[in-house]
Amino acid sequence: MTVTEKLAATGDITAAVTLGVTEYPYHADGEKCVMYPAQDIISLYVTYKSFVTQQTTYCNFLRVWLNWECHQQVLGDTVYGSHLPDDLAAEMQEVLKAANRQIQGIIGALGAK
C-alpha cells in the first residue's frame, strides 16, 4: 500500500467515526485485522493532522522568510528547523493555535455523538 493509499484509508476510517461507528477494522500490510475503538482512531487522526499542520505551516513561514531575506550569510545558514524571526514565529503560533481550536472543536463534536 502506498503512502497515498494509507492516507486515503486513514480518511475513510476517520469519516466512518464521524458518521458514528464505535470501532473500525484495520490491518497493517501483512498483518491480521484488528478492531480499533473510535477514540483511538480520533487520537491517531488528531496526532497525525497536528503534526502535518505544524510541519506544513513551519515550512510555509520558512519560505516566506527566505523570500524576503537579503543577507547571504543568513540565507546560507538557514536550514529546516531554524528559528524563524520573531514576527513570523509569532504569526505562525497564532495560526497553529487557531488550527488547534478547530481540532478541539471537532473532537468535542465527535464526543457529543
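Author: Start with lysine 97. In this predicted model, lysine 97 has a relative accessible area of 45%. Is that buried, exposed or partly exposed? Buried would need a value under 20%, and exposed one over 50%, so lysine 97 is partly exposed.

Now look at its partner. Lysine 97 forms a salt bridge with glutamate 94. The closest N and O atoms of the two are 3.6 Å apart. The cut-off for such a pair is 4 Å, so this pair passes. How many salt bridges does the count give? The count comes to one.

Where does the pair sit? Both lysine 97 and glutamate 94 belong to helix H4, which covers residues 86-111. They are three residues apart, and that is about one turn of the helix. Glutamate 94 has a relative accessibility of 47%.

The whole structure was searched for cavities of 30 Å³ or more, and one was found. The volume of the largest cavity is about 50 Å³. Which helices supply at least two residues each to its lining? They are H4 and helix H2 (38-68). The lining includes Ile103, Ile106, Ile107 and Leu110. Ile41, Ile42, Tyr45 and Val46 are also among the lining residues, and so is Thr14. By type, the lining has eight nonpolar residues, one polar residue and no charged ones.

Next, move to helix H1, residues 3-18. Valine 17 is found there. Its relative accessible area is 5%. That is under 20%, so valine 17 is buried. Proline 37 is 20 residues away from valine 17 along the chain.

Now go to the surface. Tyr26, Val34 and Tyr36 form a nonpolar patch there. Together they have about 220 Å² of accessible area. Tyrosine 26 lies in strand E1, residues 23-26. Its relative accessibility is 30%, and tyrosine 26 counts as partly exposed.

Last, step back to the whole protein. There are four helices and two strands. From the N terminus on, the order of the elements is α-β-β-α-α-α. The protein has 113 residues, and 20% of them count as buried.

Methods. Residues numbered from 1 in each chain as written. Predicted model: local features only at pLDDT ≥ 70, side-chain atom pairs only at ≥ 80, totals over all residues. Heavy atoms only, no water. Salt bridge = Lys/Arg side-chain N within 4 Å of Asp/Glu carboxyl O. Buried < 20%, exposed > 50% of the residue type's maximum accessible area, 1.4 Å probe, protein only. 1 Å grid on protein atoms, 1.4 Å probe; cavity = no way out; pocket = protein on both sides within 12 Å on 5 of 7 lines; lining within 4 Å. Points joined across faces, edges and corners; volume = space filled by probe spheres on them. Nonpolar A, V, L, I, M, F, W, Y, C, P; charged D, E, K, R; others polar. Patch = residues over 30% accessible without salt bridge, like charges linked within 9 Å, V, L, I, M, F, W, Y side chains within 5 Å. Areas by Shrake-Rupley, 256 points an atom, 1.4 Å probe, with all protein chains shown as cover.
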